[in-house]
Every structure is written in C-alpha cells, then in structure tokens.
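Q: I have a protein model to read. Can you take me through it, one feature after another?

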Amino acid sequence: MLRIPCPFCGLRDHAEFDYEGDATVTYPPLDAPEDAWFEAVFLRENPRGRHREYWRHTQGCGAYLIVERDVTTHEIFGAELAHPGMASAMEGAA
Amino acid sequence: MTGFRLDAGGVVDRERPLKFFWDGKGMTGYAGDTLASALMASGERVIGRGFKYHRPRGVMSAGVEEGGAIVTVGAGAKRVANVRATTTELVAGLSAHGQNAWPSVRFDLGRINDQLGRFFAAGFYYKTFMGVLGTGTFEWMQFEKLIRRAAGMGRASREADPDWYEVVNDHCDLLVVGAGPAGLEAAAAAADAGLDVILADQDFALGGDLLGAAGPVGRANPANWLSKRLAALSGAVRLMPRTTVFGLYDGVVAGLVERVTEGLAAPSPELPRERLRIVRARRIVLATGAIERSIAFGDNDRPGVMTLAAARTYARRFGVLPGRRIAAVTTNDGGYADAVALAEAGAEVTLLDSRWARNPLAEAAEKAGVTVRQGGVPVKAEGAFGLRRLWVGDHLGGGRARPEEACDVDVVAVSGGWSPVVNLLSHRKVKPVWSDHLACFLPGETTEPIHVAGAAAGVWDAEACAASGKAAGLAAAKALGAWGGTVPNAPGPNGWEAPIDPVYEVSAERWKGKRFVDPQHDVTTDDIRLAHREGFVSVEHMKRYTTLGMATDQGKVGNVIGLALMAEASGRSIPETGTTTFRPPYTPVSMGALAGPERGAHWRPTRLTPMHEAVAASGAAFVDAGLWKRGWYFPQPGETMAEAARREVAMVRSSVGVVDVSTLGKIAVQGPDAAELLNRVYVNGFAKLPVGKARYGVMLREDGVAFDDGTTWRLSETEFFMTTTTANAGEVMKLLERLLQTRWTDLRVHVSSVSDGWGGVAVAGPKARAVLSKLIPDIDWSDAAYPFMGVREGGMKIGRGAIPVRTARLSFSGEKAWEVFTPADYGPHLWKTVLKAAEKAGGGAYGLEALDCLRVEKGHVTAREIDGRTTLEDLGLGKMASRAKPYLGSALKNRPELVRENRPRLVGLKPVAEGARFRAGSILCRPGERSAHGVGWVSSIADSPSLGWIGLGFAEGGLEAWEGAQLVAADPVNDAATLLEVVSPHFYDPSGSRMHG
Ligand SMILES: [Zn+2]
C-alpha cells in the first residue's frame, strides 16, 4: 500500500486515491492544432525513477494532488495540491 | 514401533484431555497439542498421501513448512482442505480426514500412480498435450482426466462459507514479527522506550523455538526465561498469537490474518472466524526464525522421516517421542543438542554426522547416550507405511556415499542446515544473499525501515538471538526518536564451532529409489536433473517445469535444495544459478479473510433513490442499473414485464406517466466563470444560455470520442444545474474537477456533486401540463409563459404546506414533458403526490423498460449508443457541434479514423417480417454474407406497442448508405438471424410536434 501525504487529510492509503496520470504534461489551449493535442493526450515519457503524477483524493477531500514518486522503488517524496491558488492558501494557513 | 506420549515434559496440559476424530476414529490428545502431535502420540504414522504418486506420508516437520501431514479438517460447509496438521491447534471434537486417497490414506487405490512413475516426471502435462508420449491427443486427454482425479489436493467444500470475517485497519510504531527469543526481546526493548508495539506470531503459543528448546538461553532455563519475558510484555505490547504476518507491502504496511476462533471448541457466532488486520507500522522487526532443511536421500519421504528439530520439538514441546530408535542425521553442529534431547527423552539415538572430523560436541553427546558416527550419511529408507530400516553409508564427499549397513530404526530425523525465513523481506524485493560459509541465504540490505533479528538473520544460538532482537528493538526506538542511547552491536550470523557440510542430496551408485526435494508436489532430484537436461537452465524455468516450490508450502523446505542441485548440474555456483523469490502470502490465507465483509449483497453498495420506498409501494418491480435499484415496470395483476411496459408506453403517449429519474447525475456549477466552463466542455454553446432556460449538451473526451450527454439548466447568471447520465455521474464530476484543479486553474468556478441532494420525477404525456398546473399553482404553465426548454422554480402543494420544486420543460419521450426535482427528503412526497394526480387524470407510473422504449421510438441515444467508441457524427448529432468556438475534444475529433466516410453510424432498424424479433448485440450483416464483423451492430431494441419490434444500431456509412436496404441481425450465440429493413432512427413523430405547444 502506497501511503500518500494529503496536505488536507494527512498520510493516507493509496486505496483512497485515484491515479490521474502524468503531471508534467502541459495541455495546449483548446484552439491549438491537432498535433499539439495529439502530443499532450497520447505521447508519454516513461522514465525510470522519479515521476510527478496526479492523484485525486477521491475517498477523502477530493483534491487533485501532485505526488512525487519513484516508480522503481515506490518511494513517495511528497504531495502538494495541484491547484496553485489552493496550494498557496494552504501555505498561508500553515 | 510408533510414536507415543511421554509421562512428563512439554507444555501440553495432561490434566485437560481432548477427544478428537481422525478418519472417524475417536482419539485423545491434550490441550496444547497440535493435530500432528496428537496423532503421533496416538500411534498414527500415515497421515497423508503424495500429490502425484500417492505414496503414504507422515509428519515431516513441526511447523508451516509441512509437506507430508496435509489433511482435511471439518465437514460440510466448514470443510477446509489442505490443512497442515502440524500447525492445527487441537480442540475438543476436532474432526480431520486424510486426503488424496481413496478409500483411506492407509489403503489407497490411487497408489498405482507410483508404478506409473515414468509418466509423471517433470513436464508431464506439457509433454502430454504436445503429443510426444502418446498415440493420439484424444486418448491422452481421456487418460489425463483419470490422472487428474487420482493426483490432486483435497477437495474444498462446495457450500457457501457459513462463517464471517472482518477487516481491521490498524497502526503501530513497531510491528515485531515472531515471538521467539529475538522477537520477545525486540518488543520488550521498544515497549520500554514507550513505543506502541504489536508482537504477532503464527503459533497459538508464544515463544517460538523456546517452547521446546534443545538447550538453555545462556545459562537460563528456557521455560523460565520465556515465562518471565511474557509476564513483562503482558499489557506493555499488543500480543497477537495465532496471527500470521502473511505479506509486507509498500509504505511499511503489513497484512496480518488472525485466526480468531482457532482453539475454541464452540466459538460464539458473534466472533469472526478470521480477522484481516492491515497494519500501517512506522518500523518493523522481522524475527521470523529459520526453517530446517532436509536432505534428499533414497525414499526420504517414508513416514518416520522428519527434520531433526521437529523430532526434538515433539519430544520437548509436546511430550511425544516420535519413535524409540532414532537415526539423527546432521551436517552441522546444531544437530548435536537435538540428538541429546531425543536421547534424554528416552530414545535410542544414533547420530550420523556427514563430517569425518571428530566433533567437539561428540563427547557430551556420547555421555548422554547418543552413538555418534562421524562421516555417516543416510542412503535409503525402507518401510512404505512406516519406517523400519535405514541404509547407512560412508560419506565419500559431495553427497556421494558407499552403503555399509542397514540399521533398524523407526525415525530418521534430518538436519541439512537451516534456511533463515527471509520470505517477508523478499516481498519487498530485497534479494537474499547466499552465504557459502553457512550454506544458506541471509537477508539482504534494505533501505526501508525494516530490521531483521535472530535466526532470520542467520544467528543460531538462542542467547545471541535474544541479544540480536534487543539490538533491533533499540535501533527501532532510536530511529523513531523514542530512545537516545547507543545501540549495542548485534551478534552476527553463525554460532557453530565447526563449519557446516553443504550436503543437499545423498546418492549411491546402483541404489534406486526416489529422492524427494519437494515432497508435497512430489518433485524428485531426478526431475530437477531432467529439467536441466531438457534445457531449463534458468532456475525460474526449472521451477515452473518441475513445479518445485509451487505447493502450499511454497518451497520453504525444497527451494534451496533444488537450487543447489541445479547449480551442481550446470556447473555453476549457487549465486550464479539464481536466487529464491518469495511472494505473498507467507502461508495460505483464506479467501474469506481477504474478502472480509464485502461478499454477497455487501460486495458493493446498493443505491436507492430518495423515493425508493414510495416507488416500491406503488407496485414497482426493480432492476439493477449499476449500483442503483431502478423501477423497471409496474405490473397489474397477471401482467408480464412486456405487457406492463407496452401498457405504460401507450399510457404516456395517450395520457400521462410519472417516472423516477432521481438516478441522473446532478452537479451544481457555480461562480462567475460557470458559463465559460460549460462552454468549454460542451460541444454546443452555453455562454449565451439565458437565465430560466435549459439546454441539451454533449461532451467529448479529449481524444474526440463522445463521452456523455444531459441537460444543463441556468438558474442565475452564476449558477447552473447540470444533469448527467446515471452511469457517468462520477466520471463527469471527476472530469470537471480535473479541469478546474489542474488545467483551467484561473476559472472562478466551483462544482459540487448534488446527485444525492435531489429526487426527481419526469411527468410526460398529453395531460402532463394539466396535472402539474394543479399541483404547482405558483408557476404559469401556459405555453407562452413556460416554453419548451424553460426552467421554473416553485412550490408543490402538499396538504396545507408546499415543498420546493425545481422544474424544466424537457422531453426524453417525445411527449409534452417536465422534469420536477425536489430536495431529497421530500422525494417520497413528490412521488406520491404527482402519481396520485396522474392516476386521477387516467395515467400512472412507468418504469425503465417503458422509458427505454419511448426513447428508442424517438431515436434518442443513451449509454448503449454513447459507448466510448462512437463520435458525435456517428450518433447523428454532428450538427450540434459549434463552429464558433473550440471545446474539449474539438482538436482531436477530426483525426482521419474518426471522420472516415464509412464509419458505422446510427440507423433505425425494423424487421421485414411482421412479428419478427431480434436482440441487442446482434451483428448486422449483408444478406447472404455472414462474417465475423459484418457491417455494424444492434445497440438497442424496443417492443413498441404502436410500431412493433424496433431497434437502433450502427451500420457502415449510416442512413445514407442503407436507408431502405436490408440487413441481417445475426446472433450466432443464440443461433438466430433476422432480416431487417434500415430506416430513420426517428420512428415516432420525427417533426417533434407532440412535445411542443
Ligand atoms: Zn485529502
């Protein structure tokens, strides 16, 4: 069981979360050409080692997190809120 | 001679005799016995039968590694097969049976397989199916059925499990696995530092090897040492006997299974049989001990051949001597104390040490009455139903022997060395490291917060194990900041004076006889060499080909021997040959424990709409739709489902019908940028939707394929009420959250799922307006004031009060219709009030079956059509897409495959012959040209009261290619084919005149 430190809810089992894909992909604007969208939707790097990935705390607060995880060892280095506004609000609250 | 109970000794309670049954025969053991020790004390020697050859087997160990005494316990629904007699706690009334044998383990007709041995060598099944051995495949298939019946494990009960199980989520600072000297000391040290400690052990008694120890702990009597430690731990740590830590997982999480009712003769039904405890620990100490290996020699599976430590454990822990004349066999110093213990218990013991050099321990052993023979090895055992004789030979080195003499013995107790239990660390992908010096795998290094102590780390001496455990406990406390001292140096591996002689197999020229490596799966040394000759060089391939280590003990005894033999055959060292990988579970875990309470109806939640009880009271038959129970149809006396649905459809078309639509997904979309968000996710425009209006919208996935549809109502400038399909409610919510939280983070919008907050009905039919205008008088229901797609809020009169309602003029049926929602708690009132008024007007309730028929008649699509493969154009909705704005999926929806001319597109279907029927899922083929893929498929069908049997489907090129032409609905599963005509999907009122005005 991976253990993910949700900034809202604390350290939780990964069973409470949904994996939501690569967090390093930058999606183009809606009116961008097909090629740009093709790349964003279909093409993925699969590097060994550390990944930044989205996890949604579905069975908890519902927030989208960016989790840094080593895909070889499953070590988790940390998690932050994906929404920059929410992330800075959390920092202000802390 | 057979085993017998000693007058004194051991930790069994001779004051508490327990009656039990073996193959129906009444026997008596004592509290503290295992089934194996009680059977041994009762003189039983043959307990099991081998898997392939059906050879009689006896008790081979005193623990989880058992490969011989595998039995079936209990009867009826509570029958459990493949149980190790060596770990089964004896309780009064326990009933056990031998398995793999007919009629009994003592007389078994299946033993003929032993004579057919040449057919059962490694890879038997592969060869059989490849036709190498036999005449024709068919004959061999028949033969194989017979062999399968004869070769196999016990049979599980076919009845539902009457017991219940629970799952507990738990946390602790330190989890200590194993309650031997190392585990006890680790737990004590950590508890002293104030840590929350769980100490779990698979045995029903705590103490590990100390329960029947061969020698003292340092100078202390082991029983005294143990009771002092247990008294100190009681209350200070969470002691969990009968609890197996079966797996270690990511995040320092361990899977434990507690056998709650084990040891109880008549457990209360309030108790779960087992409890799965998922422990999130901060650190773990593995004090899992070591397992003694046997040696492969001729017929080393005969009843009476066991490990040396097991023989000593039966004598010292259970007070049972396995035999009177015992040949103790050792390759290491550890065997001496065990031989002495057996001699002290009254056996006549000869110790064969494979090493020629006079051992320093020999003198003391001889003083205790043990005959020591240096350089002696076992060659061949005799006595199919119980050992009678052992051929002993001189060790020529490397396991080769020259037979010298036959000794009359009734037990051969063998120590081929010890294997530290590295299994749990192996679950964490930590490779064990081979030690030539100790002839075993030692635990490898890990970066995780896991410590290994005691015999699991290759420490053989009890006092050193205790010191090793204490060091691990202190190291854990220090790492967790609970203790600030200096951790003492832990004793390293070993504890023997003279080095071990790595003997895995004893062979002598011209001496036949099977030499078993894995007795439970009947894998012999010849099987391993055969696998090597046939090219299985990788140890992983060898294991799969021979099935070594694949029985319920998972190779706890045999893996290292197999690896050593493979290394020898291929001329490589053991580390070069490979390693041994263990995966969870450590010992078998019942499916019931893993499922916990999630079985039967509790396998998944059941969702009921807020008005479910009221709908049921109206006479609904329900159907499962995902997690939901939905009103399916409302039969009148004597009506079938089809008759009721046809009546309900006709009622909606001629009068008025009421249907529960509470299952629709509902999302509150709020904020200054709410309209902008909707405008980006729907293919059609939402930016200019006026307040008080609703719009039908379709969403695409970002890859351009259609995703979901529904209506969204504008309640104010900044607030929308979005509805989604029942099936996609969660997925749409997730998509909006993902977009808002990760991509369009500048949009000032908040979305909340309000699906469970509202109950709703659709009221459809020519009399719908008349019904609603009376019930909700504060809304102007005239066509001019409340046009098609209008949204109005008001109050529905209930008695002297009113409930708030949110309404919209929408039609899924093609009739004049409204959806009416109310806060969930008012749902039953809404249903009862509207239904009563509809009935007064000559209408009534309708269900999902009629709803589906009404929409098929109109050619409306649902999830059967929006199935994740179809595009907007395929669905006939291409005109909805805005050209004025981009939207999610617009960039990729024009990829070549998605705009291909002859893609299957939506068509209407009806049979050519009157009264003919066809099924959804059928393949559409050209007449006379039935091919696997055809030119399309049938997605939905309906039994329309006005139009007969009709359907929707997809055909290559759509209506343009097929209108008026014929296709066959081929249904090969049901061996049916129906000739159809392709028509417009808008069967009923294509102009939409009925829903307007
Ligand atoms: Zn959370």
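A: We look at a helix pair, a strand and an interface. The model is predicted: local features need pLDDT of at least 70, side-chain atom pairs count only at pLDDT 80 or more, and totals for chains, interfaces and linings use all residues. Residues are numbered from 1 along each chain as written, chains are lettered from A, and side-chain values use heavy atoms, without hydrogens and water.

Q: At what angle do helices α5 and α11 of chain B pack?

A: Two packed helices are described by the angle between their axes and the distance between the axes. Here α5(B) (residues 181-192) and α11(B) (residues 462-479) pack at about 30°, with axes 7 Å apart. Helices are DSSP runs of H or I, at least four residues; strands are runs of E, at least two. Axes are lines fitted to C-alpha atoms, over the stretch in contact for helices, and angles run from 0 to 180 degrees between N-to-C directions.

Q: Which residues make the contact?

A: Contact means heavy atoms within 4.5 Å. Among them are B:Ala186 of α5(B) and B:Gly469 of α11(B).

Q: How many bridges link β39(B) and β42(B)?

A: Strands pair if DSSP finds at least two bridges between them. These two have 7, in the antiparallel sense. B:Trp758 has B:Pro823 as its bridge partner.

Q: How many residues of chain A contact chain B?

A: 27 residues of chain A are in contact with 28 of chain B.
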